[in-house]
Amino acid sequence: MIKIFRTIRQRMLTENLPDRQAGRFSRYFLYAIGEIVLVVIGILIAVNINDWNTDRKQGREIRQLLTGFEKDLVVNIDECSKFMDWVAHRDSVIDLIVQGNVTRAMYETKEVTPQFWNYSSAPIITENFNRLLEKEDVMGTEMTPMLALLKTYKQLMEQEAIIAQRFRDYVMDVNTYLVDNMPWLMTYQDSSSAEAVDYFLNDPIYRNKTDFYRTLMTHNYGHQVAARRNTELALLYQLKELDRVASPPDIASEFQELGLSPMKATDCETEIDVSAPQTKVFTPFIFNARKDTLEVTITYLRRKEVRNPTTSIPPGTHMTSSIYFNQYVELTAGGTCIGRYIPDAQGYLIVGDSK
């Protein structure tokens, strides 16, 4: 382009056109305009190349962050699962304590110990997550569903941090109370103490404290961790969907590596006894991969009362909330029952179109 304009200019300068200065001026004027157009075109090309390089660099950075975030999710999910197992074990012991089914021998041999002495948590890796949110303005439209879920994930983490602190504070308060008021505490911890066992067996305040500890551990903090894990599984699913063009996702294998397995449906007419001990778990991960909305009815037992709340799962989303009670779930789409499912600690459900 530059060479062409230089040729035109040279021709204008060497042309012998006497008595036609106006024509020569016109030619110079056109040449000047051409030079300006050339400069503008050059600037636009440079800007576009720079923008293209920037977009490519940002796209590469986002892909790297997504790869790191996926690895973080796997670790976070595993930590959540470990914590949920810890909660389930302690909850079963607390059931014995609250219902008065612990014997003196159990306390003396330390087969059962006071549960509210201990605290546990589910650590979260957030570095790549935080950096991803910082890139919101440069994410493509294909990232819109992921971005919405990332913001939900952030809210869940913030709520969890508040509830976790409340749980920690209560454990500290109870331990401080025992240290300040129970002279037998160290004796029982080192070996045993008849006075301590009498307290554990007969003091109603001890049972109240244990039951409230269970509420904080299971129905507050545990509920929040289970909801976070379900959201992490949904994020992992969406990450695999983003890679579908490059390689079809094998989400079943991915979940299997996390120790999870798909739940199997029972007939919609099958009666399920929610009082059975094996049905007491956190509500599992349920993802709606259909094109229509799923209706989920959770039938659960709380304080000997059967409840049946129903919630909706729009297409391409999952059920965030999770409870820890004796329960089973029934799925319905378009007024037709798909099946009933008895959750287990390692179960999940991805509901796709049967068409």
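**The disulfide and the aromatic pairs**

Mentor: Happy to. In this predicted model, the count comes to 1 disulfide. Its partners are cysteine 268 and cysteine 337, whose sulfur atoms sit 1.9 Å apart; that counts as a disulfide because the sulfur atoms are within 2.5 Å. Look along the S-S bond and you will find an angle of -90°, which makes the link of cysteine 268 and cysteine 337 left-handed. The pair links distant parts of the chain, 69 residues apart. Cysteine 268 is in the loop between strand E1 (261-262) and strand E2 (280-282), while cysteine 337 belongs to strand E8 (residues 336-341).

The surroundings of the two ends are worth checking as well. Cysteine 268 has a relative accessibility of 14%, so it counts as buried. Cysteine 337 has 26%, so it counts as partly exposed. The cut-off that separates them is 20% relative accessible area, with buried meaning under that value. Elsewhere, cysteine 80 is buried too, with a relative accessible area of 0%.

Now for the rings. Searching the whole structure gives 26 aromatic pairs. One of them joins phenylalanine 129 and tyrosine 153: the ring centres are 5.2 Å apart and the planes meet at 85°, so this pair is edge-to-face. Phenylalanine 129 comes from helix H4 (residues 127-134) and tyrosine 153 from helix H5 (residues 144-181), so the pair ties together parts 24 residues apart in sequence. Phenylalanine 129 is buried, at 1% relative accessible area. Tyrosine 153 is buried as well, with a relative accessibility of 0%.

Then turn to tyrosine 199 and phenylalanine 200, whose ring centres are 5.7 Å apart with planes at 65°, so this pair is also edge-to-face. Both tyrosine 199 and phenylalanine 200 are buried. These two rings belong to one aromatic cluster, together with Tyr107, Phe116, Trp117, Trp184, Tyr188 and Tyr206.

Conventions. Residues are numbered from 1 along each chain as its sequence is written. This is a predicted model: local features need pLDDT of at least 70, side-chain atom pairs count only at pLDDT 80 or more; totals for chains, interfaces and linings use all residues. Side-chain values use heavy atoms; hydrogens and water are left out. Rings of Phe, Tyr and Trp (its six-membered ring) pair if their centres lie within 6.5 Å; planes under 30 degrees apart count as stacked, over 60 as edge-to-face and the rest as tilted. Helices (H or I, at least four residues) and strands (E, at least two) are DSSP runs, numbered from the N terminus. Buried means under 20% relative accessible area, exposed over 50%, partly exposed in between (1.4 Å probe, protein chains only).
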